[in-house]
Each structure stands twice: as C-alpha cells, then as structure tokens.
Amino acid sequence: QVDLVESGGGLVQPGGSLRLSCATSTRIFSRAAMGWYRQTPGKRRELVATFTGAGSIIYGTSVKGRCSISKDNAKNTLYLQMNDLKSEDTAVYYCNAESSVDSDRFNYWGQGTQVTVSS
C-alpha cells in the first residue's frame, strides 16, 4: 500500500479558499516529482500543478494565477493552496508522486479528496 494521504478537501463557497495537503514517506518525498491533478465524472484527469524532476513548477491553464503549490521537506508534505475558487473547480483532487530514478521508478496516486465549490 502506497502512502499518499490527502486531506483538506471540502465544501467552499465561490470565491473562497482551500489548502490541500498530501503527506507521504521520506522515500517517496525525496525521490518523486510530486503534483496535484483533478478529475470530474466523465472527464480525463487534468493537471492542476506539479513540481518537475528539475524542481520547477508547472500549473494547469485552468487554475493558473489562482493556485500555488508548495512543499515542506521537514514534514514530507505537499500542499496546494487554492484561491478564488469557482464552481468549475469542483472535482476530486489527487496527489501524484512519480520517480524516474532508474533504481526506483514509480508512479503513485493518492485516494483523492473531494473539493466542492457551491453556494
């Protein structure tokens, strides 16, 4: 069982904010490029924000300017701060950890946390 434990989802009004967290093990956190994706029923999973293996950040076009991805190395935790939320941000948000290290390749997903934006 892979430990990518997401938290922080919930119901928020339009214009509100949420911070999602994804806690994991030292092994995964130290080797993986980690990011956030989201999915709604009937649609493909889409990128929200991710760190690349080189340490840069890529944001999805639908959230650019409204989200900020960060991490706390001491806590092995990835965060996603979402501001000015809109109804179209309603989705299940997934934490992803991918390693391209030859000796330890993996691509793990968390169980997902529901974010609902509604008045």
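Cys 67 is buried, with a relative accessible area of 10%. That value comes from a predicted model, as does everything below. Cys 67 counts as buried because its relative accessible area falls under the 20% cut-off.

## The disulfide

How many disulfides does a search of the whole structure find? The search turns up one. The bond joins Cys 22 to Cys 95, with 2.1 Å from S to S. The two partners come from distant parts of the chain: Cys 22 sits in strand 3 (residues 18-24) and Cys 95 in strand 9, 73 residues apart. About the S-S bond the angle is -80 degrees, and the link of Cys 22 and Cys 95 is left-handed. A disulfide is a covalent bond between the sulfur atoms of two cysteines.

Are the two partners buried or exposed? Cys 22 is buried, at 0% relative accessible area. Cys 95 is buried too, with a relative accessible area of 0%. Cys 67 is in no disulfide. The nearest cysteine sulfur to that of Cys 67 belongs to Cys 95, and it is 14 Å away. Cys 67 is not counted in a disulfide because a pair needs its sulfur atoms within 2.5 Å.

## Overall fold

Along the sequence, the elements follow the pattern β-β-β-α-β-β-β-β-β-β-β-β. The radius of gyration is 14 Å, close to the 14 Å that the globule rule gives for 119 residues, so the chain is as compact as a globular protein of that length. Along its principal axes, the C-alpha trace spans about 50 × 25 × 25 Å.

Of the 119 residues, 41% count as buried. The chain exposes about 6,400 Å², and carbon and sulfur atoms supply 46% of that area.

## The nonpolar core

The largest nonpolar core holds 28 residues. Which of them touch the most other members? They are Leu 4, Met 34, Trp 36, Leu 78, Leu 80, Met 82 and Tyr 93. Strand 9 (residues 91-99) gives this core its largest share, four residues. In soluble globular proteins, nonpolar side chains tend to be buried together.

## Strands 9 and 10

Strand 9 and strand 10 run antiparallel and are joined by four bridges. A hairpin connects the two through six residues. Across the pair, Asn 96 stands opposite Trp 109 in strand 10.

Strand 10 (residues 106-109) has two faces. Phe 106 and Tyr 108 make up the covered face. Asn 107 and Trp 109 make up the uncovered one. In a regular strand the side chains alternate between the two faces of the sheet.

Ser 103 is found in the loop between strand 9 and strand 10. Ser 103 is exposed, with a relative accessible area of 68%. Ser 103 counts as exposed because its value is over the 50% cut-off. How far apart are Ser 103 and Gly 9 in space? They lie 34 Å apart, C-alpha to C-alpha, and 94 residues apart in sequence.

## Two loop residues with positive phi

Asn 76 lies in the loop between strand 7 (67-72) and strand 8 (77-82). Its phi is near 50 degrees, a positive value in a residue other than glycine. Is Asn 76 buried or exposed? Asn 76 is buried, with a relative accessible area of 13%. Leaving aside neighbours within four places in sequence, Asn 76 is in contact with Cys 22, Ala 23, Thr 24, Ser 25, Thr 26 and Phe 29. One of these, Cys 22, is also a partner in the disulfide with Cys 95.

Asp 84 is found in the loop between strand 8 and strand 9. Phi of Asp 84 is near 50 degrees, again a positive value in a residue other than glycine. Asp 84 counts as partly exposed, at 39% relative accessibility. That label applies because 39% falls between the 20% and 50% cut-offs.

Notes. Residues are numbered from 1 along each chain as its sequence is written. This is a predicted model: local features need pLDDT of at least 70, side-chain atom pairs count only at pLDDT 80 or more; totals for chains, interfaces and linings use all residues. Side-chain values use heavy atoms; hydrogens and water are left out. Buried means under 20% relative accessible area, exposed over 50%, partly exposed in between (1.4 Å probe, protein chains only). Contact means heavy atoms within 4.5 Å. A nonpolar core is a set of buried Ala, Val, Leu, Ile, Met, Phe, Trp, Tyr and Cys residues joined through side-chain atoms within 4.5 Å. Two strands pair if DSSP finds at least two bridges between them. The radius of gyration is taken over C-alpha atoms; the globule rule is 2.2 Å times the number of residues to the power 0.38. Accessible areas come from the Shrake-Rupley method with a 1.4 Å probe; for residues, only the protein chains shown count as cover.
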